[in-house]
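Please read the points below beside the sequence and the model. They begin with the elements of one chain and then turn to packing.

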Amino acid sequence: MFHSELKDLEKRLKMPYPERGDFIREVAGDLQHLYTKLRSEGLSNEQASKKALSEIYLSHDDMVVIDAVHESTAAKLVHKLPSPLSKLIRDYSGTVPLLVFFIFSTKEVSMMEFLREGGLPAVIAVLVMGGVGLAINLKHAFRWFVLRDHSDESLKNFSNGPLYLAAATLLAGIVNTAVGYRLVFSRWSQDHFSDSVARAGLSEPLASLIVAATAAGLVILLHGWLSTWRTNITRSLRP
Amino acid sequence: MNDVVRARGPFLTLIALKKGPKHGYEIASYIKEKGGGFFSLSYGSLYPILHNLEKDGLIKGDWEDVGDAKSKKVYSLTARGRRALEDETVQYRNLIKVFAKLLEVKV
């Protein structure tokens with residue numbers, strides 16, 4: 001009973017889950033109680049339903065107030081900022097840890113050497129693709145867990161784009177590594193360098209594959225976790 | 001008048017819960033009946049009050065099964081809520097005495 005009205009209320013509310021699910025359950029319980037009382041007073045099914053819905057009614061202003069009660073502290077702070085800055089923070093704050101990690105790792109000489117071994121231009125391409133995939137997922141993570149923005153718009157705006165980027169990242173890493181090995185074996189077979197140099201050369205192309213596999217793996221794991229969370233969170237509503 | 005009711009909403013809610021746990025509809029009905037119709041809190045304004053009070057730790061909500069896999073949320077005062085109600089009640093009593101003096105009426 002009242003399923004469509006409650007579903008409509010759920011869509012119009014902006015408060016995060018699971019509080020939204022709990023609130024809908026609460027309203028459902030009160031509606032049911034009032035309906036039962038009105039029926040016991042002799043009203044017909046239709047009259048009782050109509051009266052219950054008119055009494056337990058939330059206007060747009062009421063919903064704004066109750067959404068504000070459950071707004072996270074981070075979201076309250078972000079909303080106080082000017083609109084362009086607020087949008088910037090919502091879209092890019094999640095990538096800050098990624099940038100910090102990238103800047104920190106590039107300052108490490110051994111890391112740069114490692115990346116150069118894999119062929120810098122190709123490794124950069126791998127890093128960019130994997131980085132974009134991670135950045136997209138981190139944006140969702142920031143919105144959902146820090147800002148607790150579980151609005152329809154925020155939850156729907158979740159595509160499989162990062163998975164395609166992860167696939168492209170891994171593919172680029174595999175191809176670059178294969179090309180690297182091809183070069184090493186080709187020159188080795190033509191005696192362009194000694195066996196000891198060749199042995200060192202065989203490990204270098206792996207850098208590209210390691211970076212690509214790590215980036216792609218992180219993207220897939222994060223995407224999978226976000227996807228599962230998103231599915232479960234919207235299932236938490238059961239009036 | 002609406003602003004007066006809205007401003008007193010939390011206090012009225014705590015009063016409604018003083019005699020025992022109630023769910024949303026019972027709280028709204030209690031306030032309306034005991035207030036002689038002077039105070040009337042719509043559900044739209046009652047729910048945010050309840051959620052705010054719960055967030056502040058003055059009341060707590062528990063789910064009660066009502067059969068057919070349904071449940072209702074019942075609120076009750078916490079110890080902190082009782083103390084807050086007592087403090088607010090003392091303030092109101094003092095306020096009434098002061099206004100009675102100013103208006104030169106007997107209370």
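1. Chain B contains four helices and three strands, where helices (H or I, at least four residues) and strands (E, at least two) are DSSP runs, numbered from the N terminus. Read from the N terminus on, the elements of chain B follow the order α-β-α-α-β-β-α. The model is predicted, so local features need pLDDT of at least 70 and side-chain atom pairs count only at pLDDT 80 or more, while totals for chains, interfaces and linings use all residues. Residues are numbered from 1 along each chain as its sequence is written, chains are lettered from A and ligands numbered from 1 in the order in which they are written, and side-chain values use heavy atoms, with hydrogens and water left out.

2. In chain B, an open sheet of three strands has the order E1-E3-E2, with antiparallel pairing; two strands pair if DSSP finds at least two bridges between them. Strand E1 (22–23) and strand E2 (59–67) of chain B each have a single partner strand and stand at the edges, so one side of each lacks a neighbour in the sheet. Between E2(B) and strand E3 (residues 70–77) of chain B, eight bridges form the antiparallel pairing, and B:Glu64 stands opposite B:Lys72 in E3(B).

3. The C-alpha trace of chain B spans about 60 × 30 × 20 Å along its principal axes. Of the 107 residues in chain B, 42% are buried, that is, under 20% relative accessible area, with exposed meaning over 50% and partly exposed in between (1.4 Å probe, protein chains only).

4. The largest nonpolar core has 43 residues, of which A:Leu13, A:Phe23, A:Val27, B:Ile27, B:Tyr47 and B:Ile59 touch the most other members; such a core is a set of buried Ala, Val, Leu, Ile, Met, Phe, Trp, Tyr and Cys residues joined through side-chain atoms within 4.5 Å. Helix H2 (residues 19–40) of chain A gives the most to this core, namely eight residues. A second, separate core of 13 residues has among its members A:Tyr17, A:Ala216, A:Leu222 and A:Ile233.

5. Which residues does B:Tyr47 touch, not counting those up to four places away in sequence? With contact meaning heavy atoms within 4.5 Å, B:Tyr47 touches A:Phe23, A:Glu26, A:Val27, A:Asp30, A:Ile56, A:Leu58 and A:Ile66.

6. A:Ser49 lies in helix H3 (residues 45–55) of chain A, and A:Ser49 counts as buried because its relative accessibility is 15%. Leaving aside residues up to four places away in sequence, A:Ser49 touches A:Met1, A:Phe2 and A:Tyr35.
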